[in-house]
Amino acid sequence: MTNFPKDFLWGGAVAANQCEGAYQVDSKGLSLVDILPDAKQGRWDALMHPKAAAQKTYDFYPSHESIDFYHTYEQDLEMMAEMGFKVFRTSISWPRIFPNGDDAQPNEAGLAFYDKLFQKCRDLGMEPLVTINHFDTPLALMEKYNGWADRRLIDLYLRYCDVILHRYHKLVKYWLTFNEINMILHIPFLGGGMDVSDLSAKEALQTKYQAAHHQLVASAKAVKMAHEIDSDIKMGCMLAAGEVYPNTPAPADVLAALQANREGYFFIDVQARGYYPNYAKAFFKANDLHIEMTDADLAALKETVDFVSFSYYASRLVSADPEVAAEKGEANVFNSLKNPYLPTSSWGWQTDGVGLRITMNNVWDRYQKPLFVVENGLGEKDELTADHKVHDAYRIAYLKENIDQMGQAIADGVVCWGYTSWGCIDLVSASTGEMAKRYGYIYVDRDNNGQGTNARYRKDSFYWYKDVIANNGVTE
Ligand code: BGP
């Protein structure tokens, strides 16, 4: 028995900067991630200190070449179609279209690549689901404007949107304006293309929320633009989600969890409801933040998204007690406390399928807009056997638990359009810059140092997911 509707969109997700490689091919400009150091440093460490990172030189940087999807996309998409994908999520690389972000004309070679990519998806019966900005703002916009801290990024982003929406609207129906928009508060370099490392804590907070406002206005205006270009287009927002639990039933801990959840919901409250929530205004006041917003901005925000998408990997845990809170030990960017009821992955992420059901119910209850689970999965080290197999029972167990809980959420009454598990083909990790942290159903023979044949092999999870799709979500 399946809980999933018959037109449920099953598929997988990648992002341009983590799979395409070809980082300077066909006049592509540099993006933020192109200057980060290699796997050994840990990308998030570098992201906190971009200037330090930029001073280093490396022989090989994984995302420069990645898995070379720019040249292998046809055969890779064919393997995804073999699994039965109905949807394929990827992003457009902004610096392929506007190499410097503010060029007079778009780069035709970059546009031509996505013509072919999206057409190939269509030919294989897959809906492309396209993220407009996934962690790869053109580097030149950081150097010239300090990224989204500057209001002018709104119009530059909208010019880019205007070009790609006009060009691809016949091929692409589903769009996301920004990947994990709330990440701008945690990793401002990656999320906002800006350096706040020299600022005081208060100035940094002010800058991050001002930049967030610029992204929210840009997102709302992009939604309006898309609807005007083609009324069939569905525009979504995208949150790095994961329910935050209180460490104990102490009311202070419950309140701390509520506040931590709001830090992410703040963005979606604006994008799905069309106005700033009162608690955000109270937060700005309490922290003496003065966010410049014009009447025209507030009017623009009224254009809301058609659906709400999110990534979900794990739940989180907070405490109001500063001594307990100091014990945080997770590798996750959110710095969660350790939850003794949950297993921990090799990278310290605490996996929690029930947390997906809780998150889906809460997001649905809050917005009453269709959901799309656009990232979920387990990053692990895989071993390729001599006969080119990968026995990834751990990944199957994770996905089974999460897909079953997603089905339970749908049985609870949540409306969900689809599911694209993350990194359906192995690619470079966003947080660590490694190839070794793998999520795929398809193994790619390339390591952190660029060694390997770059050949593709089907993991055990490939055949498992193919059956899940064929049986519309039955995981037995
Ligand atoms: C999300 C990003 C993705 C992706 C994923 C897994 O935050 O949207 O780009 O990489 O996390 O994270 P990681 O690659 O760090 O394991």
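1. Overall scores. The predicted model comes with an ipTM of 0.98 and a pTM of 0.95. For the protein chain, the pLDDT averages 92, and 93% of the residues score at least 70.

2. Strand 4 (residues 174-176) has the highest confidence in the protein chain, at 99. At the other end is helix 3 (residues 50-54), where confidence is lowest, with a mean of 47. Two stretches deserve a mention here. Over residues 38-42 the pLDDT stays under 50, and the model gives this stretch twelve contacts beyond four places in sequence. Residues 48-52 are also below 50 in pLDDT, with six contacts in the model beyond near neighbours in sequence.

3. The ligand shell. Which residues come nearest to the ligand? There are 14 residues around the ligand, and E180, G379, S429, A430 and S431 are the ones that come nearest. Sorted by class, the shell holds seven polar, four nonpolar and three charged residues.

4. Helix 9 with helix 11. Helix 9 (residues 152-168) and helix 11 (residues 201-229) have axes that come within 10 Å and cross at roughly 25°. Angles under 35 degrees count as roughly parallel, so helix 9 and helix 11 are roughly parallel to each other. Their crossing is right-handed. On the helix 9 side, the residues that meet helix 11 are L153, I154, Y157, L158, C161, D162, L165 and H166. Helix 11 brings H214, V217, A218, K221, A222, M225, A226 and I229. By class, this contact between helix 9 and helix 11 has twelve nonpolar, two polar and two charged residues.

5. Helix 16 with helix 17. Here helix 16 (residues 353-367) packs with helix 17 (residues 393-412) at an angle of about 30°, and the axes are 8 Å apart. By that angle, helix 16 and helix 17 are therefore roughly parallel to each other. Helix 16 passes helix 17 in a right-handed crossing. Helix 16 makes the contact through G353, V354, L356, R357, M360 and N361. From helix 17 come E401, N402, D404, Q405, M406, Q408, A409 and D412. How do the residues of this contact of helix 16 with helix 17 divide, and how many are charged? They split into five nonpolar, five polar and four charged.

Methods. Residues numbered from 1 in each chain as written. Predicted model: local features only at pLDDT ≥ 70, side-chain atom pairs only at ≥ 80, totals over all residues. Axes fitted to C-alpha atoms, helices over the stretch in contact; angles between N-to-C directions. Helix = DSSP H or I, 4+ residues; strand = E, 2+ residues; numbered from the N terminus. Parallel < 35°, antiparallel > 145°, perpendicular 65-115°, else oblique. Left-handed = near helix turned anticlockwise from the far one by under 90°. Contact = placed C-beta atoms within 7 Å. Nonpolar A, V, L, I, M, F, W, Y, C, P; charged D, E, K, R; others polar. Near = placed C-beta within 6 Å. pLDDT = per-residue confidence, 0-100.
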